[in-house]
Amino acid sequence: MCGALRPSDAGKKVVLMGWVNRRRDLGSIIFVDLRDRTGVTQVVFNRELNAAVHDKAEDLRNEFVIAAIGTVKKRDADTINPNIPTGEVELVTEELRILNVSKQLPFLPSDTVLANEEMRLKYRYIDLRRDAMQFNIELRHKVALAIRDNLASQGFFEIETPFMTRSTPEGARDYLVPSRVQPGSFYALPQSPQLFKQILMISGFDKYFQIVRCFRDEDLRADRQPEFTQIDLEMSYPQPERVWEVVEGFLTAAFKAAGHEIKTPFPRMDYDDAIRQYGIDKPDLRLPAFTDVRDCFTPADLEQLAINKDLPVIAIRTPGVGELSRKERDDIKPLFVSKGGARVFEDFKRIENKFAEAGAKVRQKTGAAADDLLVLVVGSAQAGKTPGRDDHPAAKRKVTPAELAIYASAGILRVALAQKYADRHGIFQKSGDPGKDFRFLWVTNFPMFEYDEADRRWVAAHHPFTSPHDEDMDKLESDPAMVRALAYDVVLNGTELGSGSVRIHRQDIQRKIFHALGMTEEEARSRFGFFLEALEYGTPPHGGIALGLDRIVMILAGADSLREVIPFPKTAAAKDLMVEAPTPVAEGQLRELGIGVVVKK
């Protein structure tokens, strides 16, 4: 391989095959950097030693595929290239075979300035030749292999589940596949193997896993794709803590395969605490939690500042930012996303000047140093009077909807401030940096239900197969807002890696959940009848989780997008630019399937 030769190979006769990465013609001597996925070796064509081979090498151009046969030679001391592993040797060529030619490329794999992403995706086979992409795909392989080996060593079976199944929407839209032999009927590509892995528990395979492709027809972002890969597992008879141990084990193996050591066990945090301290259920622990400083102000202070005295007053502390200019303070305002009438005080010094005692208390309570940035997020004096707040279906929760609006606004701003000043003050590191600060967290005890304002009904916070806490069972119909789920998320540096739960294993409870979600008996039977029936045949307690492999590799590679770690991704418009999919199909194919196309206007 082109990256394998070392000084100890000097004198050996070898064959190297690969792409011409670069060619330098010095007249009587031609140097070619020959590349494959393992690296680059310098190949020399010397007219004095072999004129015929040298003449043939004059025709070589970038990305020609060649075989070079010759003898390995140590380079002279003044020509050693210390930047590559093969930099102390070169191949003196005795025979050259041109295996294939290449026309002029739209961009070169060796280019230091990247082509635009659309060009890279259209010519993905060229883009994948780049060192960075070769590294990312190899990293993906190593991580997946480490996970497989770890789970197999614990007695898990890797079992494949169907790609063509029935449509059981779990929140996102399904990709539908028409059936030719059953006209008018459709398969769906799975959004997850959820029901199949639960049926495997019923079937006696007590430890299942799968690194599996899943499909969701949803709007895309940098961290989402219409088809994605997840690490899916399920166990019989587990407490949540046992699932967490398994996940921590295979993540330890995966990160070790990428050259990182992580600490276990991961800390754990209740959902309500995550919202109160970070404003989000996937907190980035590299940043300080925010602080409710309402008690630092007198009622008169709050009234003068037009701050709602019944809602939290959140102080966000961003370490080491230093003194901000007027323009920089103004730049904070566009970062603020107001939820439910929340307001931002970006100039804390002005508050300190006017309310010196309160300002001093805020600094003391938050532990803010002189060079820390302090920003306040508060409720408007009118926010508590918003119609319907007090009688909102979730008003009795520990975090009420009115409070949630303040916490959520503060949570968004907290991360935005850190990201804005990251380059200037090193608050964040790129994921691939040595010494990366990996902060894992288990978030637990999610609400069982969320209230859908548009449809005015309760929906499953995770999915409808999640088990409630035993002590909350009697509230399923009488007080759904207060029902907690045996659900858990694993979070890393503000990114949700995966979600899981202990499942419902009794049919009577599963029916109650469907009823609480507004499903009629007929609808539940129509959508999930096969599963409800399976629950009647001795279903053991079980639970599991699914983690996004693409997201894990993205973080380990220090990439900004999933497209950097997926060999053949889609664009934000869910298009494959290389194969030009999706595409219309022939009328004959549609007729055979009994399908007519209606174009939306």
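**Close-up views of a predicted model**

**Figure 1. Strand S13 and its two partners.** Ala 315 has Leu 376 in S15 as its bridge partner. The model shown here, as in every panel, is predicted. The two strands concerned are S13 and S15 (residues 373–379), which pair in the antiparallel sense over five bridges. S13 also pairs with S12 (residues 291–292), again antiparallel, over two bridges. In that pairing, Asp 292 has Ile 314 of S13 as its bridge partner. S13 spans residues 314–318. Four of its five residues are buried, and the strand is mostly covered.

Figure 2. Arg 286 sits in the loop between helix H7 (271–278) and S12. Is Arg 286 buried or exposed? Its relative accessibility is 19%, so Arg 286 counts as buried, the cut-off being under 20%. Val 490 is 204 residues away from Arg 286 in sequence. In space, the C-alpha atoms of Arg 286 and Val 490 are 15 Å apart.

**Figure 3. Strand S21, covered on both faces.** S21 runs from residue 542 to 548, and seven of its seven residues are buried. The strand is therefore largely enclosed by the rest of the structure. In a regular strand, side chains alternate between the two faces of the sheet. One side of S21 carries His 542, Gly 544, Ala 546 and Gly 548. The other carries Gly 543, Ile 545 and Leu 547. Both sets are buried, so that both faces of the strand are covered.

**Figure 4. S21 with strands S10 and S20.** Strands of a sheet pair through backbone hydrogen bonds, either parallel or antiparallel. S10 (residues 227–236) and S21 are antiparallel and share seven bridges. S20 (residues 495–502) also runs antiparallel to S21, joined by five bridges. Which residues stand across from Gly 544 of S21? Glu 234 has Gly 544 as its bridge partner. Ser 501 stands opposite Gly 544 as well. Gly 544 itself is among the buried residues of S21.

**Figure 5. Packing of H5 on H15.** Two packed helices are described by the angle between their axes and the distance between the axes. Here H5 (residues 194–202) and H15 cross at roughly 20 degrees, and their axes come within 10 Å. H5 is therefore roughly parallel to H15, since angles under 35 degrees count as such. The crossing is left-handed. H5 contributes Leu 195, Gln 198, Ile 199 and Ile 202 to the contact. From H15 come Phe 528, Phe 530, Phe 531 and Ala 534. By class, this contact has seven nonpolar residues, one polar and no charged ones.

**Figure 6. Packing of H14 on H15.** H14 (residues 507–516) packs against H15 (residues 521–534) with the axes 11 Å apart. The angle between H14 and H15 is about 150 degrees. That makes H14 roughly antiparallel to H15, because angles over 145 degrees fall in that class. The crossing of H14 and H15 is right-handed. On the H14 side, Gln 507, Gln 510, Arg 511 and Phe 514 make the contact. On the H15 side, the residues are Glu 521, Ala 524, Arg 525, Phe 528, Phe 531, Leu 532 and Glu 533. By class, the contact of H14 with H15 has five nonpolar, two polar and four charged residues. Phe 528 and Phe 531 of H15 take part here, and they also meet H5.

**Figure 7. A closed barrel of five strands.** What is the strand order of the barrel? The barrel runs S1-S2-S3-S5-S4, and its pairing is mixed. On average, neighbouring strands of this sheet are turned by 55 degrees against each other, direction ignored. S2 (residues 29–36) and S3 (residues 39–46) run antiparallel and are joined by eight bridges. Within this pair, Asp 33 stands opposite Gln 42 of S3.

**Figure 8. The protein chain as context for the close-ups.** The protein chain has 17 helices and 21 strands. Its C-alpha trace spans about 90 × 70 × 55 Å along the principal axes. Of its 601 residues, 48% count as buried. Among contacts with a separation of 6 or more, 69% come from residues 24 or more positions apart.

Methods
Residues numbered from 1 in each chain as written. Predicted model: local features only at pLDDT ≥ 70, side-chain atom pairs only at ≥ 80, totals over all residues. Heavy atoms only, no water. Axes fitted to C-alpha atoms, helices over the stretch in contact; angles between N-to-C directions. Parallel < 35°, antiparallel > 145°, perpendicular 65-115°, else oblique. Left-handed = near helix turned anticlockwise from the far one by under 90°. Contact = heavy atoms within 4.5 Å. Nonpolar A, V, L, I, M, F, W, Y, C, P; charged D, E, K, R; others polar. Pairing = 2+ DSSP bridges. Buried < 20%, exposed > 50% of the residue type's maximum accessible area, 1.4 Å probe, protein only.
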